[in-house]
Amino acid sequence: MFLSNNGKTIGKTQQALQAFQEFLTTPLATRLKRHENTSLEASTRALFQEVAANVPAYKAFLAARKINPASIQTLADYQTLPLLTKENYLRRYSLGDLCRNGQLEMCDMIAVSSGSTGKPTFWARFITDELQIATRFEQIFYDSFFADTRRTLAVVCFALGTWVGGMYTTNCCRYVAQKGYPITVVTPGNNKEEIFRVVQELGDAFEQVVLLGYPPFIKDVIDTGINRNIEWSRYQIKLVFAGEVFSEEWRSLVTQRVGAKNPCYDTAALYGTADAGVLGNETPLSICIRRFLANRPDLARRLFGESRLPTLVQYDPCDRFFEVQDGTLLFSGNNGIPLVRYHIADTGGLIPYNTMLEFLAAAGFDPVAALEEYGARGNYLLPFAYVFGRSDFTVSYFGANIYPENVTVGLEQPTIQEWVTGKFVLQVQEDADRNRYLSIVVELVPEVSDTEDKRQAIATSIHAQLLRLNSEFANYVPVEYQMPQIMLATTGDPEYFPSGVKHRYTRKN
């Protein structure tokens, strides 16, 4: 049994019908304005009280810490609650006890996380969880791609199976289509040959084709297609990404290669986790802001506190209540496995809508005015979240934190971008005399050969971007140790770039 928004206990079928009807009949704009008239403090405390009363694992978690749920009466009280993590909560209790009333069977699907941080995790969910996330997809399809008026083929290029990305994306795109959008979904998964086949055989029947997948894979699809003389521009390609931070140089590159004209309206990234689906999404407004800041690293550093450029999304605080503690994002949300003050292990922060626009105005930039020719689409008074990703994906070199994002920009410069796939492995190594050096193994595109000239050009490009973007690198690392040592590897190298697994951009010795 479930609790509805008004606190009544209702059955599984009724819960699904009620949520689906609400999704189908509520206009997008109405849903995205709910937070303006909602007490987020009251709704968050209500979620806590409901989870504390009905989820066996959370009851036990609180009891072990001698916390009386009745004592949590204010937001300040709420923010004293201990954080949930995979180690102290998800892996300590059974999957059933993590669900309401200990009933795993009241969920209708189980997904599996990627396992990029260790052992894969099972996640139980119900259709109502996906309907919340479907609004994030609707926001992108409506605001960015104008899919309410354009026949759209959505091509799901995430891996299919138990993994969370492919099935979540497929289901959510179908829910949006059922709301009346002229969207048709096809699911080749991460099979490149099947992607090429469905795009070429079906694409001409639609006014636009949307490719949804992980950034490196989508770029590989685009580049391989170009080598096979696929004319991407004839299909009016739009792109939806998830799973990795990428640079604006990278966005410009892939949009140029598919013939897209406006990156703010032709692309969008999702900030998602297996833990709770999509937590936020890029909007035309957030992309416009990020592209401005990409050319002003001084302003980006002032705003975000670091030299690297994070993913910048907007989120609905009615669906996910975010907090920041010690530079790390926390969230609370209602899911098949409801979570209260969950530690995502992503470094980042939050910026209110008005604070963001005031900061940019002081710098002489008005992103709303920059998007005026497209009307009001993509501009909601939603707060911003910025996400750097996992803090342990950096390497330390002479006390400077070196971020994969800094290296990426160096690989996306003219000429070099033609040689490489975009994948690399960043690590600090020692030579025979125990002197440390910065090592970067870079994956070449097929049929490009390894030469000393290429290695030197790549090293010079990455060095220049590290100096431009990373003040710690410029000031901490002695000049004689700044130039990285480059090794070039063939596509799919089994040691550094094995196929079929999620790529890790750093290694630590």
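Biologist: Does Pro 317 count as buried or exposed, and at what relative accessibility?
Modeller: The model is a predicted one. Pro 317 is found in the loop between β11 (311–314) and β12 (320–325). Buried means under 20% relative accessible area. Pro 317 therefore counts as buried, with a relative accessibility of 10%.

Biologist: Is Asp 143 buried or exposed, and at what relative accessibility?
Modeller: Asp 143 lies in helix α7 (residues 127–144). Beyond residues up to four places away in sequence, Asp 143 touches Leu 28, Glu 138, Tyr 265, Pro 284, Arg 377, Gly 378 and Tyr 380. Asp 143 counts as buried, because its relative accessibility is 1%.

Biologist: What is the phi of Gln 236?
Modeller: Gln 236 lies in the loop between α10 (215–227) and β8 (237–242). Most residues other than glycine have a negative phi. Gln 236 is not a glycine, yet its phi is positive, at about 50 degrees.

Biologist: How far apart in space are Gln 236 and Asp 266, C-alpha to C-alpha?
Modeller: Gln 236 is partly exposed, with a relative accessible area of 44%. Leaving aside neighbours within four places in sequence, Gln 236 is in contact with Glu 207, Gln 208 and Val 209. Gln 236 and Asp 266 are 30 residues apart in sequence, and their C-alpha atoms are apart in space by 9.1 Å.

Biologist: How many residues of β8 are buried?
Modeller: Ile 237, Leu 239 and Phe 241 point one way from β8, whereas Lys 238, Val 240 and Ala 242 point the other way, and all are buried. The strand is therefore largely enclosed by the rest of the structure, the count of buried residues in β8 being 6 of the 6.

Biologist: Which residue in β8 is the bridge partner of Gly 213?
Modeller: Strand β7 (residues 208–213) and β8 pair in the parallel sense over 5 bridges. In β8, the bridge partner of Gly 213 is Phe 241.

Biologist: Which strands stand at the edges of the open sheet of 3 strands?
Modeller: The order in this open sheet is β18-β19-β20, with mixed pairing. A strand with a single partner has one side left without a neighbour in the sheet, and therefore the edges are formed by β18 (420–430) and β20 (485–489).

Biologist: Which residue in β19 does Glu 430 stand opposite?
Modeller: β18 and strand β19 (residues 436–444) pair in the antiparallel sense over 8 bridges. In β19, the residue opposite Glu 430 is Arg 436.

Biologist: What angle does the direction of helix α17 make with that of β18?
Modeller: Helix α17 (residues 404–411) packs on the sheet and touches β18 and β19. The helix is mostly covered, as 8 of its 8 residues are buried, including Glu 405, Asn 406 and Thr 408. The direction of α17 makes with that of β18 an angle of about 130 degrees.

Biologist: What is the phi of Thr 415?
Modeller: Thr 415 is found in the loop between α17 and α18 (416–419). At 48% relative accessibility, Thr 415 counts as partly exposed. Phi takes a positive value in Thr 415, a residue other than glycine, and is near 75 degrees.

Biologist: Which elements give two or more residues to the lining of the largest cavity?
Modeller: The count comes to 5 cavities of 30 Å³ or more, and about 170 Å³ of space lies in the largest cavity. Of the 17 residues that line the largest cavity, the closest to its centre are Ser 307, Arg 308, Leu 309, Val 409 and Leu 469. The elements that give two or more residues to this lining are α11 (248–258), α13 (284–294), α14 (297–304), α17 and α19 (452–469).

Biologist: Which residues does Phe 137 touch, not counting residues up to four places away in sequence?
Modeller: The largest nonpolar core has 71 residues, and Phe 137 is among those that touch the most other members, together with Phe 48, Tyr 58, Tyr 89, Phe 141 and Leu 339. With residues up to four places away in sequence not counted, Phe 137 touches Thr 169, Cys 172, Cys 173, Val 176, Leu 212, Leu 270 and Val 278.

Conventions:
Residues are numbered from 1 along each chain as its sequence is written. This is a predicted model: local features need pLDDT of at least 70, side-chain atom pairs count only at pLDDT 80 or more; totals for chains, interfaces and linings use all residues. Side-chain values use heavy atoms; hydrogens and water are left out. Two strands pair if DSSP finds at least two bridges between them. Helices (H or I, at least four residues) and strands (E, at least two) are DSSP runs, numbered from the N terminus. Contact means heavy atoms within 4.5 Å. Axes are lines fitted to C-alpha atoms, for helices over the stretch in contact, and angles run from 0 to 180 degrees between N-to-C directions. A nonpolar core is a set of buried Ala, Val, Leu, Ile, Met, Phe, Trp, Tyr and Cys residues joined through side-chain atoms within 4.5 Å. Buried means under 20% relative accessible area, exposed over 50%, partly exposed in between (1.4 Å probe, protein chains only). On a 1 Å grid over the protein atoms alone, a cavity is a set of points where a 1.4 Å probe fits but cannot get out, and a pocket is an open set with protein on both sides within 12 Å along at least five of seven lines; lining residues have an atom within 4 Å of a point. Grid points are joined across faces, edges and corners, and a volume is the space filled by probe spheres set on the points.
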